[in-house]
Amino acid sequence: MPVITQSHSPDDLDFSPRRKSFNLEEVLASDWHGGGAYRTAWFNAMSLLFPLGEKFFIDSVCHFLDEIEDPKLRQEIASFRAQESTHRLQHQKYNELLCKLRDYDLDRFEKNERERMAWAYRELPARRRLAGTVANEHLTAIMANDMLSNQDVFNDVDPEIARLWEWHGVEETEHKAVAFDVFLAVGGTVSERRQALLLNSFFFFKDTLRNVCIMLQKDGKLWSIREWASGFKFLFIKPGMLRRVIPAWFSFFRKDFHPWQDDNRQLIDAWEKRQDHSPAADHSH
Ligand SMILES: [Fe+2]
Ligand SMILES: [Fe+2]
């Protein structure tokens, strides 16, 4: 029987979920990102989008499982699913703790995202939902790449919470092409994924900013020019985590784009090495 190749990841790429736990009890009560309210709210706002988002990603990929024959890609889907499930769980814990400690309303943060997903399930064909997932996985992969390669996004940050973001970034790097390869295998088109990136980038910003505003308002800092200026500087100037990902964002529009054209596995290895030497190395296995 001929073996069908549907995975376009490097042959020796092998990944599986890591069991991790994080003690965030103290840190989440504070403006943990170097005392900056805006920067803290920005990361908290992204975390708030993950549990629902990652459920959507898993569902849209697994919907097509029957159409995937390549055992390598099937194995990658299983690992993708396991990794995203662990991310969901850890970020759900993060979000619940955050809301408890800072007296935020979790439902309110998730409302828009929940409604939009209900709309996507109702109105969009499965391949469009998968295109949305491919686009979102590109966004997470390029931010993870930036974070892991520059290692300046979490300066002045409690090491435990930095550890959670880095761990998530590493696994996003490992599985960055899974949704993409499934999308190719089921006949997804270049224009579908291009549109999806435009749309999903817009909603990612809209939802994140909305949550930032809700948090700043609750903390009495919504109208603080200082906080907005410091947040803007952090995102776009120095270190400029969003400015720096712009070229990688555009690369997705190339016709022949594939996530592993940028083979950045050295970042995973470097992270693994740092874990071995770190006093906070996880011993929960
Ligand atoms: Fe994830
Ligand atoms: Fe992911």
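User: What counts as a helix or a strand here?
Analyst: Helices (H or I, at least four residues) and strands (E, at least two) are DSSP runs, numbered from the N terminus. This is a predicted model, in which local features need pLDDT of at least 70 and side-chain atom pairs count only at pLDDT 80 or more, while totals for chains, interfaces and linings use all residues. Residues are numbered from 1 along each chain as its sequence is written, chains are lettered from A and ligands numbered from 1 in the order in which they are written, and side-chain values use heavy atoms, leaving out hydrogens and water.

User: Where does glutamine 6 lie, then?
Analyst: Glutamine 6 belongs to the segment before α1.

User: Buried or exposed?
Analyst: Glutamine 6 counts as buried, with a relative accessibility of 10%. Buried means under 20% relative accessible area, exposed over 50%, and partly exposed in between (1.4 Å probe, protein chains only).

User: What is glutamine 6 in contact with?
Analyst: Apart from neighbours within four places in sequence, glutamine 6 is in contact (heavy atoms within 4.5 Å) with Glu67, Ile68, Glu69, Asp70, Leu73, Asp181 and Ala185. For glutamate 67, the backbone oxygen lies 3.4 Å from a polar atom of the glutamine 6 side chain. A polar contact is a pair of N or O atoms within 3.5 Å; within protein, one must be able to donate a hydrogen and the other to accept it, and residues adjacent in sequence count only if both atoms are side-chain atoms.

User: Asp70 is in that list. What does aspartate 70 do at α2?
Analyst: Aspartate 70 caps the N-terminal end of α2, with a side-chain oxygen 2.8 Å from the backbone nitrogen of lysine 72.

User: And which residue follows α2?
Analyst: Aspartate 103 follows α2. Although aspartate 103 is not a glycine, its phi is positive, at about 55°. The residue sits in the loop between α2 and α3 (106–123) and counts as exposed, at 55% relative accessibility. Glutamine 151 likewise is not a glycine and has a positive phi, of about 50°. Glutamine 151 is placed in the loop between α4 and α5 and is partly exposed, at 40% relative accessibility.

User: Now the metals. What holds the iron ion (ligand 1)?
Analyst: Its protein donors are Glu54 (OE), Glu84 (OE), His87 (ND1), His168 (NE2) and Glu172 (OE), at 1.9 to 2.3 Å. Donors are N, O and S atoms within 2.8 Å of the metal (3.2 Å for Na, K and Ca); water is not among the atoms, so sites may look incomplete. Along the chain, the donors of the iron ion (ligand 1) follow the spacing E-x29-E-x2-H-x80-H-x3-E. Glutamate 54 is in helix α1 and glutamate 172 in helix α5, so this pair ties together parts 118 residues apart in sequence. Glutamate 54 is buried, at 2% relative accessible area, and glutamate 172 is buried too, at 3%.

User: What about the iron ion (ligand 2)?
Analyst: The iron ion (ligand 2) is coordinated at 2.0 to 2.8 Å by Glu84 (OE), Glu137 (OE), Glu137 (OE), Glu172 (OE), Glu172 (OE) and His175 (NE2). The spacing of these donors along the chain is E-x52-E-x34-E-x2-H.

User: How far apart are the two irons, and which residue bridges them?
Analyst: The iron ion (ligand 2) and the iron ion (ligand 1) lie 3.8 Å apart, bridged by glutamate 84. Glutamate 137 lies in helix α4 (residues 126–150) and histidine 175 in the loop between α5 (159–174) and α6 (178–185), so that pair ties together parts 38 residues apart in sequence. Glutamate 137 is buried, at 2% relative accessibility, and histidine 175 is buried, at 0%.

User: What does phenylalanine 43 contact?
Analyst: Neighbours within four places aside, phenylalanine 43 is in contact with Trp32, His33, Tyr94, Val153, Phe154, Trp165, Phe234 and Met241.

User: And what does glutamate 166 touch?
Analyst: Not counting residues up to four places away in sequence, glutamate 166 touches Met147, Leu148, Gln151, Trp271 and Arg274. Glutamate 166 lies in helix α5 and is buried, with a relative accessible area of 14%.

User: Lastly, where is the cis peptide bond?
Analyst: The cis peptide bond joins lysine 238 and proline 239, with omega about -5°. Proline 239 lies in the loop between α8 (225–237) and α9 (241–244).
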